[in-house]
Every structure is written in C-alpha cells, then in structure tokens.
Amino acid sequence: MRSGYRWAGLLGCAVLSLALGCKSASVVMNLPTAAVEPAVSGSTQPASPAPPSATPLSATEPPIVPTAAITATVPAATPCSADLCNYPGVLFLRRPIDPSANDSVDITYRFGSTQSHLRDPHHGVEFLNRQGTPVLAAADGKVVVAGTDLDPTSAHGVWPITFYGLYSNFYGNLVVIEHPMPATVSSAFPEIPLPLYTLYGHLSAIEVQPGQEVKAGQEIGKVGMAGIATGSHLHFEVRLGANSYKASRNPELWLAPHSDINGQLKGALAGRFLNSYNTNLDLPSVVLQHLPSGPDGPSDFEVSMTTYEEKGLLGQAPFLESFGAGDLPAGWYRVTFPMNGLRKELVQVFPGQLTVVTFRWKD
C-alpha cells in the first residue's frame, strides 16, 4: 500500500496504568545512555530534580549503527509513576533497510493514520526506496510465510474469510518472520502477546523459504510494488500474538532509533488520553514540540499527528497507547492537545528508550 507520511515522532517511556498497570522497567540495552529518572506528566513544570541531560558521544568513540542487531541485558528495576514510565531495551528491532539506502520511516503515513482520510488506516510503516533495494530481516527468527497473499488465511468454508491483509493480493509478494521475544522485554511485560512477527510486503523478489532460519540483517528479498502498492516501497509491520492483520502494532515503538548529529541515540514516545471513565479518547490533533534548551526554552521543531484512526488499534498491549512516534531527538517535549480545553504537558524523551505516558481528563 502506497504511503505518505506526516512528520511526527517521539519515543522513550511506557505507561501502563489500567489493564496492565505500570510495570517496572526491567529491560536495558548495551547503549551509551544517561542515567534515567521518571519524567513528569500532567504538569507544565519539569520533575524535581530533573533527569540529567545525556552526554553526546565523544569524537573518539565509534558511531552507533542503529540498524545493527541490539543485544539486551538485565538491569536493576527502575520505578515508574502511575502514568509515566521509561523503558530501555524495547527498541531492539534493526531497520529492514540498510542505511546506504533510505532506512527512515515515511512520516506522511504513520501507523494508524489515514493521510487525511485518503487511505485505509495504516497497519504498518513504509520505507520509500527504488525497486530492487535489498530488504533485511529485522531480527533473528524463522520464516513462516514466503510467497503471495492471494489465498485466504482462514480454513476453507470458515467465515469470515481472512487474508494476511484486508483482502486478497493486498501485499502481493510478502515475507513473514516469527521472532523470539527478548527475555528482558517479556519480563518487563509479562502479559505481552507472543510470539512477535515482522511482515515485509510489496516485494519484487523473495530470497527465503518457509521454515528457513534467518539472522538479523540477512537479506530476505527486494523492494518492489506488488499488491496494491502505487509506488516502489517496503511495507513493514510488527504483529504480536498472531500473524494477523488485526494483531498489528506500531513499528516505530520497536525499531532501533537513529543517532543525532552528535552521535547520541534518539528515542520514542507513546501515549494515550483517558476520559473520566478511563476510556480512550480520539483526538484530532496532538502536537509534539521539541525543546532543545529545556522545559522553558523555545521549540526548534514540532510533530503533528492524531490518535490512531482505527479504534481497534487503540489501547493494545503492551503499551496501551493511542499515538506513538519514534526517532525523536532526546530531550524535553511540550505535548499540546485538546482535552477539556487546550492542554500543554511536558514529557522527557531519553536516548535509546521508549517513553509511555497517560494523560487523564481534568475537571
């Protein structure tokens, strides 16, 4: 499916206050990040004391390659507040395109968005590249699908008829890989649906077979425009618990981030908006403003988005989020949204981490 994207990105902490509750952060990556303390939500003032800013890598240290496989280790648990938590180790999937090509998500058609109601709600993200660009496995795993999506995935005679996508030949040529979840992630989220699958759609060539074991970064196919694609690109999905269209999750909350110009890893931000009945709210505008000089400083860029435009994508485990964006420079962000008036809240994104926050209705 051809996608455009709206630029809006932020990731670094996870908040689970209802069905899952906010778990302790028990996942961490071997990455040069600063010490982390929970940030503040629900207030325009920063936490006291505020978490220290991360120190950029020195010029003598080798640059971090964000598409390399990331190995997680078990750290000491970090306490979470009721509505805010930071999770290292969640952003562990390598990017399915090599950095020598375009390995950045197309932000004009983010997960859960519709490109201003021009397209179906997006169940993945897209990497715009020319036909024939190598497609790489996002992690170690076993190939479970390598072929076309012409035939139904449901048994003959069973209703409703289901396919890998919305309907037959949605992705055209595709590969699906089943991956073991890192123990550090599954221990932080014991109720997470397993296993994890990654889907690679619209391929012009398939270079693996069902049942084949693959390694992170191994070439599995070529970018194309098969299926309903209207231009050459890779459609990439993350699915949890089942190899099903309805099991899709936001890939930006799982993909390893890039580094900024100083060599410091970026992060990701996910969140949700709850009314007084603890029900997810659909919001038409969520604006993230990066504050490079701190909470009281000016913004150097902003990201605009909406909550996921398909209700079935809202509030899914493990993060329970209704919006999310990755590859956000670490630092403070002002989150502006319409909830019982115009609200402005401060959240901090940390290098290499996912931040998950809940914003609650205020009377």
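Two strands are said to pair if DSSP finds at least two bridges between them. Strands themselves are DSSP runs of E with at least two residues, numbered from the N terminus. The structure discussed here is a predicted model, in which local features need pLDDT of at least 70, side-chain atom pairs count only at pLDDT 80 or more, and totals for chains, interfaces and linings use all residues. Residues are numbered from 1 along each chain as its sequence is written, and side-chain values use heavy atoms, with hydrogens and water left out.

An open sheet is built from three strands in the order S5-S11-S9, with antiparallel pairing. Its edge strands, S5 (134–136) and S9 (205–206), each pair on one side only. Strand S11 (residues 219–222) runs antiparallel to S5 and is joined to it by three bridges. Within this pairing, Pro134 stands opposite Lys222 in S11.

The loops call for attention to the backbone. Most residues other than glycine have a negative phi, and most peptide bonds are trans.

The loop between strand S16 (301–305) and strand S17 (323–328) contains Pro318, which a cis peptide bond with omega of about 10° joins to Ala317. Leu320 also has its place between S16 and S17, and its phi is positive, about 60°, although it is not a glycine. Leu320 is buried (under 20% relative accessible area), with a value of 5%.

Ser116, in the loop between strand S3 (84–88) and strand S4 (125–128), has a positive phi near 55°. Ser116 is exposed (over 50%), with a relative accessible area of 55%.

Methods. Helices (H or I, at least four residues) and strands (E, at least two) are DSSP runs, numbered from the N terminus. Buried means under 20% relative accessible area, exposed over 50%, partly exposed in between (1.4 Å probe, protein chains only).
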